[in-house]
Amino acid sequence: MRTDSLVLEDIPQSRHVPGDLAMWCFILAELAVFGVFFLVYGYHRWRDPALFAGGQQHLGLLLPTLNTLLLLAGSAAIVAAVRAFALGRQRNGRRWLLLTMLAGGGFLVLKAFELGGKFAAGITLSSSDFWMFYLSLTVFHFLHVVLGMVIVAAVWWQARDGRYAGEAIAGVETAAAYWHMVDLVWIVLFALVYVAR
């Protein structure tokens with residue numbers, strides 16, 4: 001019976017930055033943009049904690065918690081996809097990519113439901129500083145999840161001809177790097193906007 005350690009030994013080992021270098025530059029730029037957003041959010045919250053606490057009282061934790069679990073599940077799935085392609089297991093790799101997209105799709109459905117409820121309640125960017133930040137950050141992140149799903153879908157489509165195998169998995173690693181960035185940003189956003197009171 002093979003153990004995980006034995007399976008890992010089958011993966012070709014080499015020292016390199018996983019994925020495409022251009023994508024890493026893009027990811028760093030995106031993290032910088034979100035970092036500025038979070039700093040400005042923190043500053044305004046520090047200036048008017050009562051306003052932000054009042055707005056947070058209207059945010060439930062169930063949907064964002066489920067969304068956190070969905071994104072983490074998507075990250076686990078795409079890690080499994082990278083490993084499967086590295087081992088030459090094409091069919092398994094594509095299945096893990098589909099599960100990644102399924103998790104991302106679930107996130108988008110729940111987030112759209114949450115945002116729809118806020119819009120139906122008459123909340124807009126001009127309702128208050130808290131809602132301006134809430135809508136800006138969550139919608140901006142929503143669009144990043146959409147882009148992440150487009151990237152994963154493109155990799156899944158290209159993987160049909162078996163081009164990703166062994167050490168030739170840069171495309172899958174690139175998609176995984178972007179997906180992990182989307183997850184990381186969401187975890188910080190979830191903690192700042194929904195949880196920290």
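Student: What span should helix 5 have, and what do its end C-alpha atoms show?

Tutor: Helix 5 (residues 90-120) has 31 residues, so at 1.5 Å a residue it should span 45 Å, and its end C-alpha atoms are 45 Å apart, which agrees. The expected span is 1.5 Å times one less than the number of residues. Helices are DSSP runs (H or I, at least four residues) numbered from the N terminus. This is a predicted model, in which local features need pLDDT of at least 70 and side-chain atom pairs count only at pLDDT 80 or more, while totals for chains, interfaces and linings use all residues. Residues are numbered from 1 along each chain as its sequence is written, and side-chain values use heavy atoms, with hydrogens and water left out.

Student: Which residue follows helix 5?

Tutor: Gly122 follows helix 5, with a positive phi near 85°.

Student: Is Thr100 buried or exposed?

Tutor: Thr100, found in helix 5, counts as buried because its relative accessibility is 0%. Buried means under 20% relative accessible area, exposed over 50%, and partly exposed in between (1.4 Å probe, protein chains only).

Student: What is Thr100 in contact with, leaving aside neighbours within four places in sequence?

Tutor: Thr100 is then in contact with Gly74, Ala77, Ile78, Val152 and Trp179. Contact means heavy atoms within 4.5 Å.

Student: Changing topic, how many aromatic pairs are there?

Tutor: The count is 19 aromatic pairs. Rings of Phe, Tyr and Trp (its six-membered ring) pair if their centres lie within 6.5 Å; planes under 30 degrees apart are stacked, over 60 edge-to-face, and the rest tilted. Phe85 and Tyr164 form an edge-to-face pair, at 5.9 Å centre to centre and 75° between the planes. Phe85 lies in helix 4 (residues 62-86) and Tyr164 in the loop between helix 6 (129-158) and helix 7 (170-195), so the pair ties together parts that are 79 residues apart in sequence. Both Phe85 and Tyr164 are buried.

Student: What about Phe130 and Tyr134?

Tutor: Phe130 and Tyr134 form a stacked pair, at 6.4 Å centre to centre with 20° between the planes. They are four residues apart in helix 6, and so are separated by about one helical turn.

Student: Which residues touch the most other members of the largest nonpolar core?

Tutor: Of its 48 residues, these are Phe85, Phe130, Tyr134, Val193 and Tyr194. Helix 7 gives the largest share of this core, 14 residues. A nonpolar core is a set of buried Ala, Val, Leu, Ile, Met, Phe, Trp, Tyr and Cys residues joined through side-chain atoms within 4.5 Å.

Key. Helices (H or I, at least four residues) and strands (E, at least two) are DSSP runs, numbered from the N terminus.
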